[in-house]
Amino acid sequence: MANLSKHFTLAEFTRSQTATRHGISNRPTPAHLEAMKLLCERVLEPVREHFGRPVRITSGYRSAALNRKIGGSQTSQHSRGEAADFEMPGIDNRTVAKWIRDNLRFDQLILEGAKRGDPNAGWIHVSYRADRARMDVLTATFPGPKYSRGIS
């Protein structure tokens, strides 16, 4: 099992039921691997260390073919190995997103589908690029999604 960092494996970043079901390759290139390692080291490991709990990746790397199959954006950072969607069981996504916003360097942070009073609703999307840190923070509500600036 190849590790991207101390606590994150390549297998969890490339796991996809859709890819398996449809025979789609989800193998990253060396450049994608490098991007995933940076995302893990600069964002996901600090999150895990701060909260003292495992991070559950729900969507990591997506090959171009897989991204098309699921209807992802053509410019998705998932397809470049720069983004992950995740949750931390037992910790409200809003709390985690606010901590990332206030403490880490990132490109984009989206609190997706969260509902006040329901810590298990939604997930966090975060991306990292070594050459760009827009520090773009959004909340996506559903149905839609409808995006708003900041964490709401």
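In which loop does M135 lie? M135 is placed in the loop between β4 (123-127) and β5, where helices (H or I, at least four residues) and strands (E, at least two) are DSSP runs, numbered from the N terminus. The model is predicted, so local features need pLDDT of at least 70 and side-chain atom pairs count only at pLDDT 80 or more, while totals for chains, interfaces and linings use all residues. Residues are numbered from 1 along each chain as its sequence is written, and side-chain values use heavy atoms, with hydrogens and water left out.

M135 has a positive phi of about 55 degrees, although M135 is not a glycine. Its relative accessibility is 36%, and M135 therefore counts as partly exposed. On this scale, buried means under 20% relative accessible area, exposed over 50%, and partly exposed in between (1.4 Å probe, protein chains only).

D107 counts as buried because its relative accessibility is 0%. With A133, the separation is 26 residues in sequence and 4.3 Å in space, C-alpha to C-alpha.

Strand β5 (residues 136-141) contains T139. T139 has a relative accessible area of 4% and is therefore buried. The side chain of T139 reaches the backbone oxygen of G150 at 2.8 Å. This is a polar contact, that is, a pair of N or O atoms within 3.5 Å; within protein, one must be able to donate a hydrogen and the other to accept it, and residues adjacent in sequence count only if both atoms are side-chain atoms. Leaving aside neighbours within four places in sequence, T139 is in contact with L111, K146, Y147, S148, G150, I151 and S152.

The description now turns to the helices. The axes of helix α3 (residues 30-51) and helix α5 (residues 93-103) come within 11 Å and cross at roughly 120 degrees. Axes are lines fitted to C-alpha atoms, for helices over the stretch in contact, and angles run from 0 to 180 degrees between N-to-C directions. The two helices, α3 and α5, are therefore oblique to each other, given that angles under 35 degrees count as roughly parallel, over 145 as roughly antiparallel, 65 to 115 as roughly perpendicular and the rest as oblique. On the α3 side the contact is made by P46, V47, H50 and F51, and on the α5 side by T95, V96, W99 and I100. These residues divide into 6 nonpolar, 2 polar and no charged; Ala, Val, Leu, Ile, Met, Phe, Trp, Tyr, Cys and Pro count as nonpolar, Asp, Glu, Lys and Arg as charged, and the others, Gly among them, as polar.

Within α5, the residues N93, R94, V96, A97, W99 and I100 are buried. The buried residues of α5 pack against α3, β2 (83-87), β3 and β4. An α-helix has 3.6 residues a turn, so residues three or four places apart point the same way.

I100 belongs to helix α5 and is buried because its relative accessible area is 0%. Beyond residues up to four places away in sequence, I100 touches V47, F86, F106, L109, I124 and V126. The C-alpha atoms of I100 and V47 are separated by 7.3 Å, although the two residues are 53 residues apart along the chain.

Two residues of helix α3 complete this account. L39 is found in helix α3 and, with a relative accessible area of 0%, is therefore buried. Apart from neighbours within four places in sequence, the contacts of L39 are F13, L44, G81, E82, A83, A84, V126, S127 and Y128. L39 and V126 lie 87 residues apart in sequence and 8.6 Å apart in space, C-alpha to C-alpha. P30 also has its place in helix α3, and P30 counts as exposed because its relative accessibility is 68%. Between P30 and S5 there are 25 residues in sequence and 15 Å in space, C-alpha to C-alpha.

Technical notes
Contact = heavy atoms within 4.5 Å.
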